[in-house]
Amino acid sequence: MHNIYLKLNKHIQTALDSAFPEEAAHAKKEGNLLNPQLAKATKPEFGDFQINGVFSLAKTLRKPPRQIAEIIVKQLVKSDDFNSFCLPPEIAGPGFINLTIQNNYLTKELISLLTDEHLGVPFATENSDDKSESVIVDFSSPNIAKEMHVGHLRSTIIGDSLARILSFRGHNVLRLNHVGDWGTQFGMLITHLKRVAPQALEKANVVDLGDLVEFYRQAKKKFDEDEYFQTCSREEVVKLQKGNNESLQAWKLLCAQSRKEFQNIYDRLDIDLCERGESFYNPFLSDVVEDLQKSGLLVQDAGAQCVFLDGFKGKDGNPLPIIVKKRDGGFNYATTDLAAIRYRLKSKPNGDGASRVIYVTDSGQASHFAGVFQIANLAKWVPQGCLLEHVPFGLVQGEDGKKLKTRSGKTIRLKDLLDEAIERAKADLERRLLEEGRVESQEFIAKVSTTIGIAAVKYADLSQNRITNYQFSFNKMLSLQGNTAPYLLYALVRIAGINRKGGNFDLKLTYPQFTEPQEWALVREILKFDDVILEVEKELLPNRLCTYLFELSQIFNRFYDQLPILKSNEPSLSCRLMLCRLTGDILRKGLHLLGISTLERM
RNA sequence: GGACCGGUAGCUCAGCUGGAUAGAGCAUCUGCCUUCUAAGCAGACGGUCGAAGGUUCGAAUCCUUCCCGGUUCACCA
C-alpha cells in the first residue's frame with residue numbers, strides 16, 4: 001500500500017496547509033512541513049492508516065486534540081479525490097484519526113498485481129526519484145584452506161538474502177566474497193604442500209588435496225613442532241609476496257582446491273557469489289598508506305604506521321592506534337579493508353563505483369568497521385551520498401546458550417550441519433508418510449527433505465532479528481508448527497493443491513466482489529508486500545520479511561480453513577482463486593528473496 | 001576499566017519516525033477431519049517490558065544512572 005500511503009499523505013498535507021495556513025507557513029519557513037505522522041494502523045479495527053500528528057498540533061495551536069482532528073477531517077472530505085478512495089475518516093480516542101481505504105479501491109490495486117511481475121514493489125531505475133544504486137554486498141568470506149563452519153552460516157544466508165532483495169528492488173548488486181586468500185598462514189601451507197606433493201607445482205590439477213582441513217592441521221602441527229619448517233614458512237611468505245613463480249603456483253593450487261569445496265556448499269545453498277579475495281587488493285595497499293600520509297592522518301608509533309581516531313582507547317585508557325603498516329613493513333587487515341573501501345567507491349574503471357557498500361559480518365567486528373569507515377571518511381574517500389554500512393549479526397549458540405559446538409567441543413562443519421538438517425527432515429517426512437499411508441518415490445522423498453532441510457536452516461536464521469545471538473535448534477526450525485520454513489512451505493503446497501484441482505480462473509470474467517472478512521483480511525495483507533520490501537531495503541533486516549510471510553500464511557490458512565474455495569459458487573470461486581494465486585505468488589517470491597526454494601507437494 | 005550490543009510471558013523471540021488495551025510461536029489445557037494436504041483452524045492460560053529517575057498529552061521505544069549477560073580493546077583476520 002505504498003502508493004496509497006503517499007497519496008493519503010499528500011491529501012493530509014494539503015488539508016493541513018489549508019486548515020492551518022499560519023502554522024504551515026511558519027513550518028515551511030523553518031524548512032519543514034507540518035507532520036501529520038501518518039502511519040499504518042496499529043490494529044485492524046482502526047482501519048488501514050492512522051494520523052498521529054494531531055496531538056503535537058494541538059499543543060502548538062493550544063486547542064483540544066479532538067477539535068483539531070475535526071478541522072482536519074472536515075478539510076479532507078472536501079476533496080472529491082480523497083472521497084473517491086478513502087472512507088470518511090473517523091476520530092477516535094483522545095484524537096486519533098483513523099482512515100479506511102474503500103473496498104473498490106483495494107480491489108483495483110489487487111487487480112493490478114495480477115499482471116505485475118513485481119507484485120506492486122517499485123522498481124528503482126536510473127532516471128527516477130527512486131534511483132537505482134550500485135550496491136556491493138560483502139558476505140560469506142571464508143578463509144582459504146579452511147572449511148566453512150557455522151560461523152559462516154549467518155553471513156552467507158543473511159548476505160545472500162539482502163543481495164536478492166536489493167536486486168529485486170532494481171539496484172545493481174555486486175555480491176563479493178572477500179575470501180581470506182592472503183596472509184602468513186600461506187607460508188606454512190605452501191611449505192607443507194611442497195613437501196607432500198612437489199609434483200603439484202609442475203603441472204596443474206594433478207593433485208587432489210582432499211580434506212583441506214586435515215592438510216591445514218598437518219601443516220600447523222609441523223609448524224609448531226619443527227623449527228626448520230618455521231624458517232621455511234617465513235621465507236615462503238616473502239617469496240610469495242615477491243611473486244615467486246613456484247610459490248604462486250602452490251598458492252593458486254590451494255585456492256583452487258578451497259574454491260571447489262566452498263562451491264559445493266554454495267551450490268547446495270543456492271548462493272551466487274563473485275570471489276574477490278584479499279589478495280586482489282595487494283597492489284593498492286601501499287597507495288592506501290601513501291594516501292593517508294598525504295592527508296596527514298598517518299602517525300608513526302612504536303615503529304608501526306598508524307592512524308589515531310577519536311573514541312578508540314585501549315585497556316589502559318590511552319588512545320588506541322589502528323595499524324595500517326606493521327613494524328616489519330607488512331600490511332594487515334585494516335589496510336586491506338581500507339584498500340577495499342577505496343577501490344569499491346572509486347568510479348569505474350579504476351574501481352567499482354559503488355554508492356552503498358554493505359558488510360555482513362558478525363558484530364564482533366563492529367569496532368573494526370567503525371574504525372576503518374571513520375578513516376575512509378577522514379581520508380575523503382567516501383563521495384557525497386555514498387554509504388558504508390556494517391550489518392552486524394550475533395553469535396550462533398547451541399540450545400544450552402553457549403557457542404555452538406559438537407559434543408566433543410569442535411566447531412561444527414557447515415556441511416555436517418546441512419546434512420543433519422536434511423536427514424532430520426527426511427525422518428520427519430517418512431514418519432508422516434507412514435502415518436498417513438502415503439507412498440512416494442525415493443526421488444520425491446529426497447527432493448522434499450533436501451528442500452525442507454535447507455529451507456529450515458535458512459529460515460530459522462533469517463526470521464530472527466540478526467542483531468541478537470541466535471539459538472540454533474534443529475527441533476525448532478524443522479517444527480511443523482509456528483514461524484518456521486515448513487509452515488510457510490505448507491501454505492504454498494495447499495495453494496498448489498488447489499491449482500492442480502482446477503484452480504485456473506479467467507480474470508477478464510471477474511471483477512472481484514469480496515464479501516467475507518477472511519477475504520478482506522487476505523486482500524489487505526497481500527497489498528502490504530511492497531511496504532515490507534521497502535522497509536527491508538532500508539533497514540537491512542530480513543526478519544521483517546519473514547514476519548510478514550508468516551502472517552500472510554496465517555491469514556491464508558484461516559481463509560483456507562474457514563471458507564470453501566473450489567466448492568464455492570461464482571463469483572466467490574473466481575475471487576477466492578484470485579486470492580490463492582496472489583498469495584502463492586507473494587509467498588513464492590518472498591521465500592525466493594530469502595533464498596528459499598519452494599515445493600508443489602510435501 | 002573503556003567501547004559496542006542485548007535484557008519483553010515458563011521457553012524462543014517480534015515490536016517500524018514515541019501512539020490507543022504489550023504481540024507471536026512453543027509448551028500446557030479445551031474444541032474442530034464423510035469436505036481443496038489437520039504439517040491446519042478456533043479458543044483458554046500466561047507480563048512490575050532488568051531497576052530507578054527524567055523528557056512528553058503519551059515511553060518497551062528517547063535521555064541519565066545503576067544491575068545482569070555477551071562481544072571487543074597494538075602489529076592475527
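**Entry: Ser 473**

I looked up Ser 473 and found the residue in the loop between strand S14 (470-471) and helix H17 (474-477). The model is a predicted one, and I keep that in mind for every entry here. Is Ser 473 buried or exposed? I noted a relative accessible area of 4%. Buried means under 20%, so Ser 473 counts as buried. I then checked what the side chain of Ser 473 touches, and found a polar contact with the side chain of Glu 399 at 3.4 Å.

**Entry: domains**

I looked up how chain A is divided. The assignment gives domain 1 (2-101), domain 2 (185-265), domain 3 (281-393) and domain 4 (420-593). I also looked up the separation of domain 2 and domain 4, and the centres, taken over C-alpha atoms, lie 47 Å apart.

**Entry: the sheet S8-S9-S10**

Next I turned to an open sheet of 3 strands. I wrote down the order S8-S9-S10 and antiparallel pairing. Which strands stand at the edges? They are strand S8 (298-301) and strand S10 (319-325). Each has a single partner strand, so one side of each is left without a neighbour in the sheet.

I went through the pairing of S8 with strand S9 (residues 304-313) and found 4 bridges, the two strands running antiparallel. For one position in this sheet, I noted that Gln 300 stands opposite Gln 305 in S9. I also checked what lies across the strands. Helix H12 (residues 285-294) lies across S8, S9 and S10, and runs at about 105° to S8.

**Entry: strands S5 and S6**

I looked up strand S5 (residues 134-138) and found the strand mostly covered, with 4 of its 5 residues buried. How many bridges join S5 to strand S6 (residues 172-177)? I noted 5 bridges, and the two strands run parallel. Val 135 has Val 173 as its bridge partner in S6.

**Entry: salt bridges in helix H22**

A search of the whole structure for salt bridges gave me 37. I picked out Asp 585, whose side chain meets that of Arg 581 in a salt bridge of 3.4 Å, N to O. Both residues lie in helix H22 (residues 572-593), 4 residues apart, which is about one turn of the helix. Arg 581 is partly exposed, with a relative accessible area of 31%.

Asp 585 also forms a salt bridge with Arg 588, where the closest N and O atoms are 3.5 Å apart. Why are Asp 585 and Arg 588 separated by about one helical turn? I put it down to their places in helix H22, because they are 3 residues apart there. Arg 588 counts as partly exposed at 34% relative accessibility.

I then followed salt bridges that share partners, and these join Arg 432, Glu 436, Arg 438, Glu 440 and Arg 601 into one network.

**Entry: Arg 432 and Glu 436**

The side chains of Arg 432 and Glu 436 meet in a salt bridge of 2.7 Å, N to O. The two residues are 4 residues apart in helix H15 (residues 414-436), so about one helical turn separates them. I checked the accessibility of each partner. Arg 432 has a relative accessible area of 25% and is partly exposed. Glu 436, at 42% relative accessibility, also counts as partly exposed.

Notes
Residues are numbered from 1 along each chain as its sequence is written. Chains are lettered from A and ligands numbered from 1 in the order in which they are written. This is a predicted model: local features need pLDDT of at least 70, side-chain atom pairs count only at pLDDT 80 or more; totals for chains, interfaces and linings use all residues. Side-chain values use heavy atoms; hydrogens and water are left out. Domain bounds come from an automatic or database domain assignment. Two strands pair if DSSP finds at least two bridges between them. Contact means heavy atoms within 4.5 Å. Axes are lines fitted to C-alpha atoms, for helices over the stretch in contact, and angles run from 0 to 180 degrees between N-to-C directions. A salt bridge is a side-chain nitrogen of Lys or Arg within 4 Å of a carboxyl oxygen of Asp or Glu. Buried means under 20% relative accessible area, exposed over 50%, partly exposed in between (1.4 Å probe, protein chains only). A polar contact is a pair of N or O atoms within 3.5 Å; within protein, one must be able to donate a hydrogen and the other to accept it, and residues adjacent in sequence count only if both atoms are side-chain atoms.
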